[in-house]
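Trainee: Please walk me through this model. I would like to go piece by piece.

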Amino acid sequence: MPNSKNDKLIVLVEKMPAFPKSVQQVVQLTSDINASAKDIVRVIECDPVMTVKILKAINSSFYGLPQKITSVQRAVVHIGLNTIKNMALGVAAMGMLNANNKANFNTSEFLLHSLTTAAISKMLAERIGLSSTESSDCFVAGLLHDFGKVVFAEFMPDEFKLALEKSKEQQRPLYQTEHEFIGLSHTEAGKMLAEKWQLSETLIDAIAHHHDLGHSQNVLRDCVFAANQISKYMQFGDSGNPLIEDFPTSIIARFGLNLPAMCEALGNFDYVKTEAQSFINL
Amino acid sequence: MKFKFWGVRGSIPTPGANTLKYGGNTTCIEIRTDDNDLIILDAGTGIHALAQNLLKEMPIQAHIFITHTHWDHIQGLPFFIPIFIPNNQIKIYGGIDPVTNETINRALSVQLQYSFFPIREAQLNARIEYTTVKPGGPVKVGSATITPIVLSHPVLNFGYRIDCDGQSIFFTGDYEPQLNIYDPEDDEYAEFQSFVDAKWDEVVLAMKDVDALIVDSSYTNEEYVSKQGWGHGTYDSGIKLAAAANAKKLFFTHHEPTRSDASLEAIYQRLLQNHPETGCELLLAQEGVDISL
């Protein structure tokens, strides 16, 4: 894909609206002077578009941070809740993502997949003893790992529709068919945007390589990879890719279990889905 | 380095018999380096009296650092008389607002509109320049180095540290140290607290060992109970900062608008009694008093 097209995509994404439920809730909560800070933060951190736009703004060179800010909570501590709240309101003012896009990509199912991947990714991080900060970074990485897809659905619906259909028809990974029709996979689009927005290196890596584990050593990315497969295996939402990948040896070594055994070991975690649904359904 | 408060009041000017001693103008601090370079922190209504004082020095070079764009910190800008006089050079410094993406020039241009003010921005005769400053990015003014840091307030707010001639001043602008938004029983509590602690350490480091620490101390602890999230500190949060940063003098400013001179002094006496060993000198910011470091 030529660079001018990439640049165009970057410009388009600036105006990308967020998910309907969070838009509605942000408008509602910011109109209520007594709304609690944690309710506001919860809504923002469960919406990939709002999260990414806040991380982008706060990590821009204008705020000269020695370390990247990787979560909405941290952004609140750094700059203050009201600024974060107003940034979210700015995103809400751009409208809502249309559930009926031309790509026939179900954005509610997508969000359910993203949110459950985020929550499971955090669970896995805690399970292998990562710090609370790393665990919350895993949540953000899980939430954003497929961000490129919703960008395609919004701005390249015709090509993305063909990619989705061919992936389903031939039972091939979506990132391959995206390449055929768009010239860019969702991981590459996500990487390009995340780099442009100066997100943290590990987050960029997790987005870029969640289908390509050999590329780098990144525990955060490994949590996202595993959570992504668990979410699909458990049929929590749908992000358009019909294939579930087995845990390769590096992932088994990391978590000590294969995919079905891990799902078993996590016990009853249907609540992850139920909780996520409460953030999606209007 | 020496400095003088020209405005010490928070939110709104409060002229009148009850505020004669400490002053009723909104925030403005004049700093002079040993070479007499002029640095001004914030442009509340206090900047008008400062401007009168500067008329005898024309032409001037003034470096105005804006902590944030709430009215009480910018409302004196159109009344800073040197902006109308040729040959003056006025540099205005501030951050980019992440919500509006506007630079600091809006702080003046928004006020110089037909509906709000009779003179247009294009009619200003001084040379006015705007500079975007970034947290952690030092700016030089003569022998002084000014370094901003983001401090939590309901709008983007910079605290400024001024190092010059072997001495240092830190001004918080308006600042409420972040509290944990979660309850101790919430899953997120510990993690959020770790962010709060890390930010606290960053703030303390930025004001480490200053000769003068000037803090927003709008409220008493009792008042703060109903003012959480309003973006202002307390006398006690100021003392806690000064102790952690090992500041030599602590100036309480941004006096709450309804606070009379008498009540301010009563609070001050209580503070002296309750904090006999803070290791730093506690002082109330008062308009018009020269302070040499």
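Trainee: How many Å separate the centres of domain 1 and domain 2 of chain A?

Mentor: Take the bounds first: domain 1 of chain A covers 17-92 and domain 2 covers 107-278. Those bounds come from an automatic or database domain assignment. Taken over C-alpha atoms, the centres are separated by 22 Å.

Trainee: What ground rules apply to the model and its numbering?

Mentor: This is a predicted model, where local features need pLDDT of at least 70, side-chain atom pairs count only at pLDDT 80 or more, and totals for chains, interfaces and linings use all residues. Residues are numbered from 1 along each chain as its sequence is written, while chains are lettered from A and ligands numbered from 1 in the order in which they are written.

Trainee: Which helix gives the largest share of the side of domain 1 that touches domain 2 in chain A?

Mentor: Contact here means C-beta atoms, placed from the backbone, within 7 Å. Domain 1 of chain A puts in 13 residues and domain 2 puts in 15. On the domain 1 side, five residues come from one helix, the largest share: H4(A).

Trainee: How many residues of H4(A) are buried?

Mentor: A residue is buried if 20 or more other C-beta atoms lie within 10 Å of its own, exposed if 12 or fewer, and partly exposed in between; C-beta atoms are placed from the backbone. Among the buried residues of H4(A) are A:Pro48, A:Met50, A:Lys53 and A:Ile58. The count for H4(A) is ten of eleven.

Trainee: How many helices does chain A have?

Mentor: Helices (H or I, at least four residues) and strands (E, at least two) are DSSP runs, numbered from the N terminus. Chain A has zero strands, and its helices number 17.

Trainee: What radius of gyration does chain A have, and why does the value agree with a compact globule?

Mentor: The radius is taken over C-alpha atoms, and the globule rule is 2.2 Å times the number of residues to the power 0.38. For 282 residues a compact globule would come near 19 Å, so the value for chain A agrees: 18 Å.

Trainee: What percentage of the residues of chain A count as buried?

Mentor: Start with the box: along the principal axes, the C-alpha atoms of chain A fill roughly 50 × 40 × 40 Å. Of the 282 residues, the buried part is 51%.

Trainee: Which helix gives the most to the side of chain A that touches chain B?

Mentor: The contact takes 24 residues from chain A and 25 from chain B. H3 (37-45), H4 (48-58), H5 (72-79), H6 (81-92) and H8 (132-144) of chain A each supply at least two residues of that side. With six residues, the one that gives the most is H6(A).

Trainee: Which residue of S8(B) stands opposite B:Val139?

Mentor: S7(B) and S8 (residues 144-150) pair in the antiparallel sense over three bridges. Opposite B:Val139 stands B:Ile146.

Trainee: Which residue in the turn between S9(B) and S10(B) has a positive phi?

Mentor: S9(B) runs antiparallel to S8(B), with seven bridges, and antiparallel to S10 (residues 167-171), with five bridges. The hairpin of S9(B) and S10(B) has two residues between the strands, and the positive phi of about 50° belongs to B:Asp165.

Trainee: Are the faces of S3(B) covered or open, and which residues show that?

Mentor: In a regular strand the side chains alternate between the two faces of the sheet. S3 (residues 38-41) of chain B has both faces covered, by buried residues: B:Leu38 and B:Ile40 on one side, B:Ile39 and B:Leu41 on the other.

Trainee: Which residue of S4(B) is the bridge partner of B:Leu41?

Mentor: S3(B) pairs antiparallel with S2 (residues 28-32) over four bridges. S3(B) also runs parallel to S4 (residues 61-65), again with four bridges. In S4(B), the bridge partner of B:Leu41 is B:Phe65.

Methods: Pairing = 2+ DSSP bridges. Contact = placed C-beta atoms within 7 Å.
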